[in-house]
Amino acid sequence: ADAEATLTMRPGADGALIGPLDARLALTSEHLRTTAPMRVTSDGSVLRLVEPLNATWSVRPALVDALLGGEEGTPGTSLARPATLRLAADELVVPLNAGATAPLSVQVSLSGDDLTLRLPDASERTFTGLEAQVRSTDVAGQALITAELGEGGREILSTRTRIDNITDASNTLTADAATLTGNIELTGAPAALVDAFAKTGDLAAGFLGSTMNAQVRYQKLNASGGSLRIEADTPNVEAGLVGVVRNGRFVINRPAAIRVNRIDQSFGTRLASVLPVFGSITKATSNEPAVVRAERLAIPLDGDIARYIAELTIDPGTATFGLEVGLGDLLNPAQFARGNRLGDSFQPFNATMRNGVLAVRNLALPIGEFSIPAQGDYDLVKGTERVVVQLPTGMLAAEAIGNNAGPLGDIVGNVLNVPLVKAGPLGGDNQWKPDPGARIDGAPSGQQGGDPASRLLDGIGDLLRRGNDD
């Protein structure tokens, strides 16, 4: 790289960030080139751009990999080929200390033609018409950000955001007090962009679908406060969240509903990993949609999973499912005579999230004439799981319990449950094991495992009572 610089600088006064300064800078390198020397001066109170900056920047894949690359073990976003951006700074005045002699003033722009990204789902998308600008307004301590991005000749992203309180009345920089007010509009944008910036592998794209329309509106927003409204419409999901930022978390201030219209095989398998009993679950757009209702939801802005709070009620609608490996082998195939389809008989269940633990409760999977009560605790911080199911003996294959023929077998099959537990590392090859002491929280005592003799007597008593009522 070739660079030319002329720098004259003297020590600043006590408390000054930068002392008196007069600098000229010209760059000619493989990646960054200025069209003319830029000049910056400072009197110790204000840093000022005297001669503008105009530069071309060749962005290399390694930089995008560093910014948007996936976490260990998850796919990330990469730059498929080098891209050229144009950077222009026509005005820049930055106060350096309290009582600065001039207010903040900025006019900076960034533009580019073709930017081809390889997204976490391995697809390549070429985005065009990048135009972004930051400029100060006539209001002290205020700036305006505008940006737009296109794909295939249409605009897919635009934003207009006002930043307030960048400086106080004495022209002192107050970054912690700055707030954002504005909106972001996405129209037919790749859902994988969410994964790219959130570094969530291909999770968002799997849940949302290939493209998304979304509106994000925020007012006086920063890490300490402000309001936020999110509305999204994708091939798979319709959602709306309204809330405020409090203590570094986005907290809904009214109940929210998320409608899930489609779950594909890949995402359904991942979803089933935190749903007791299920080995897979799929939903077609022709099925009755699932509805997730959130009474409480707090999402940490820093992504700290231990600080999530959620209280959800989940109505799965209709879907096709598969049982967990090992569990389905225990059941009598005749129980699947009507197919493996969830329908009206599958009642809503609950899920909560606190301290990094996802707890699933009140889940009862209907299969044939029976249902399987289940619950699960998934510690997403420690990476462990504990799942409990109660299998009615009437569902079990003959190889599992022998043949309970006749009226007595019918009674046993309907009143005696076999408690099974699966525990260990989340995602590990954990095996189902009988556990007579395992209980399902909140389930009636008649659905729990226990002493077979007393349970059998209870069943006979129920049969006699039904006979007396006829």
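## A buried partner and its salt bridge

Glu151 counts as buried, at 10% relative accessibility, where buried means under 20% relative accessible area, exposed over 50% and partly exposed in between, with a 1.4 Å probe and protein chains only. The model is predicted, with local features needing pLDDT of at least 70, side-chain atom pairs counting only at pLDDT 80 or more, and totals for chains, interfaces and linings using all residues. Residues are numbered from 1 along each chain as its sequence is written, and side-chain values use heavy atoms, with hydrogens and water left out.

The side chain of Glu151 meets that of Arg125 in a salt bridge (2.7 Å, N to O), a term for a side-chain nitrogen of Lys or Arg within 4 Å of a carboxyl oxygen of Asp or Glu. This pair links distant parts of the chain, 26 residues apart, with Arg125 in strand S10 (residues 124-136) and Glu151 in strand S11 (residues 143-151); helices (H or I, at least four residues) and strands (E, at least two) are DSSP runs numbered from the N terminus. Arg125 counts as partly exposed, at 22% relative accessibility.

## Two partly exposed pairs

Arg259 and Glu238 also meet through their side chains in a salt bridge (3.7 Å, N to O). Arg259 lies in strand S18 (residues 256-260) and Glu238 in strand S16 (residues 237-246), so the pair ties together parts that are 21 residues apart in sequence. Arg259 is partly exposed, with a relative accessible area of 38%, and Glu238 counts as partly exposed at 35% relative accessibility.

A salt bridge (4.0 Å, N to O) likewise joins the side chains of Asp435 and Arg386. Asp435 is partly exposed, with a relative accessible area of 26%, and Arg386 is partly exposed at 36%.
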